[in-house]
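Please keep the sequence and the model side by side while reading. The paragraphs below move from overall confidence to individual strands and residues.

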Amino acid sequence: MNQLEFQRRTMALIGILWLAACAGTSVPVGGGAATQTDTAVDVGVDLGIPPVDTLPTDLTAPPELPPADSVDTAPTAPETSSPIAWTPFSATAGSNARGVTLSTGRIAWEEDGVIQVHDLATKMTWTAVGKSEPGAHREPVLDSDRLVFTNDRTGDRDLWVLDLATKTLKALVVAPGDQLAPSLDHGLLAWIDRRSGAHDALASELWSMDLDVAGAAARQLTSDAVEQAWPHVRGRRVVFTDFSKDVDKKLTGLPESPIDHNSDNGDILGLDVPIDAASAVPKAFVITDDPNKQARPAVDGDAVAWLDWRGITPEPKYARFKIYARVGAQAEQLLGETGWNTAELWRRPAIQGSRVAWVMEATAAGLSGPHAVYVGNLTTQKPAKAVPETSGLLLAVDLREDALAWAGPGHVGLLPLTAVPSE
Ligand SMILES: [Ca+2]
Ligand SMILES: [Ca+2]
Ligand SMILES: [Ca+2]
């Protein structure tokens with residue numbers, strides 16, 4: 001497939017549908033009755049997907065990341081109301097701690113299917129969603145007073161939200177198949193939805209919902225027989241992995257023989273999502289379509305970081321991976337490389353401004369250095385530095401609101417960004 005063909009397919013397959021009225025999930029967040037009695041059931045409906053040739057013309061333009069000089073016009077996260085007085089935090093966690101997330105003075109993580117929250121102001125740690133609620137609670141994402149997570153009480157995963165101010169727990173998106181991999185920033189929630197095919201990866205589509213817009217519905221952003229995965233949201237920008245250029249087409253619904261399980265060519269794409277409106281159309285762009293595999297992007301403004309398998313030899317290539325980033329129209333940067341001996345290390349880097357953080361695993365990978373969080377700088381491009389006091393196995397990292405958090409078996413920690421080693 002040549003580049004033009006790929007761009008055409010990308011634009012067709014990213015889907016790029018603005019289906020503001022497509023599905024009926026619009027459960028107000030916060031307030032209302034306690035617990036989950038007002039669960040909204042969101043069933044599939046006719047999505048009314050328009051033919052490709054009727055898509056707005058701006059979606060047929062060559063997909064490119066906006067040039068650096070246009071960044072000022074790109075949607076970015078609103079300013080937070082006030083700086084957070086972060087202080088260093090370190091604590092013992094469960095042996096299966098993972099999925100760390102931070103926002104506005106709180107850090108949250110998952111361990112053994114329950115979600116723990118620590119408030120740095122009160123120095124209190126509590127079980128925010130525990131075993132008194134049915135099912136396993138996973139994939140927590142904090143954003144101000146909201147804690148969104150997945151729960152499988154219905155037999156597959158759905159999206160739930162806990163208002164930390166009112167302690168109100170509600171179902172947010174309950175639909176057939178899995179709703180998973182949520183990401184949330186300033187009220188814009190994105191996730192991967194498999195309502196059309198249960199657990200089939202090829203049924204994966206990108207969806208979003210504006211939680212701060214009264215009555216806003218869940219909106220389907222892609223519609224194709226290709227897997228999309230791992231969205232990440234900052235401001236109005238969503239980045240995600242797209243497999244429409246998979247070499248053996250295993251992940252495009254048209255598998256060729258023999259299937260190469262090491263190919264799985266993912267690319268990093270993005271959408272700028274307007275505030276909820278029936279006539280608003282998201283703008284799509286490509287961050288990288290390198291022929292090797294890329295996955296698990298994280299975005300902040302015009303900077304994007306991701307995991308990358310280019311140049312990883314010899315096989316098995318999945319014994320290690322690299323960390324790449326790109327700022328606007330600038331060239332891609334190689335920031336570092338890590339071993340990957342633990343399957344659960346299948347997680348994304350984190351990014352804020354010019355800083356990128358990731359988990360480094362050196363054991364048995366021929367790499368030097370401890371298990372640690374590493375932080376690189378996109379501006380200076382000097383070698384990344386290891387954050388002290390993170391020497392155990394680590395599974396997750398978050399970098400946001402001028403704080404860095406990490407989690408691994410038995411341990412969670414946080415440092416203000418001012419305390420993170422600089423170059
Ligand atoms: Ca579901
Ligand atoms: Ca899809
Ligand atoms: Ca690729």
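Across the protein chain the mean pLDDT is 79, and 72% of the residues reach 70 or more.

This is a predicted model, in which local features need pLDDT of at least 70 and side-chain atom pairs count only at pLDDT 80 or more, while totals for chains, interfaces and linings use all residues. Residues are numbered from 1 along each chain as its sequence is written, and chains are lettered from A and ligands numbered from 1 in the order in which they are written.

The secondary structure of the protein chain comprises one helix and 28 strands; helices (H or I, at least four residues) and strands (E, at least two) are DSSP runs, numbered from the N terminus. Of the 423 residues, 45% count as buried, a residue being buried if 20 or more other C-beta atoms lie within 10 Å of its own, exposed if 12 or fewer, and partly exposed in between, with C-beta atoms placed from the backbone. Among contacts between residues at least 6 apart in sequence, 54% join residues at least 24 apart.

Gly413 is found in strand β28 (residues 411-416) and counts as buried because it has 22 C-beta neighbours inside 10 Å. Gly413 and Ser90 are 323 residues apart in sequence, yet their C-alpha atoms are 4.2 Å apart in space.

Strand β2 (residues 97-103) is mostly covered, with seven of its seven residues buried. It pairs with strand β3 (residues 106-111) in the antiparallel sense over five bridges, two strands being paired if DSSP finds at least two bridges between them. Thr101 has Ala108 in β3 as its bridge partner, and in the hairpin of β2 and β3, which has two residues between the strands, Thr104 takes a positive phi near 45°.

Further along, four strands form an open sheet with antiparallel pairing in the order β10-β11-β12-β13. Its edges are β10 (179-185) and β13 (219-220), each with a single partner strand, so one side of each is left without a neighbour in the sheet. Within this sheet, six bridges join the antiparallel strands β11 (residues 188-193) and β12 (residues 205-210), and Trp191 has Trp207 in β12 as its bridge partner. Arg219 lies in β13 and counts as buried because it has 24 C-beta neighbours inside 10 Å.

Key: Two residues are in contact if their C-beta atoms, placed from the backbone, lie within 7 Å. pLDDT is the predictor's confidence in each residue, from 0 to 100.
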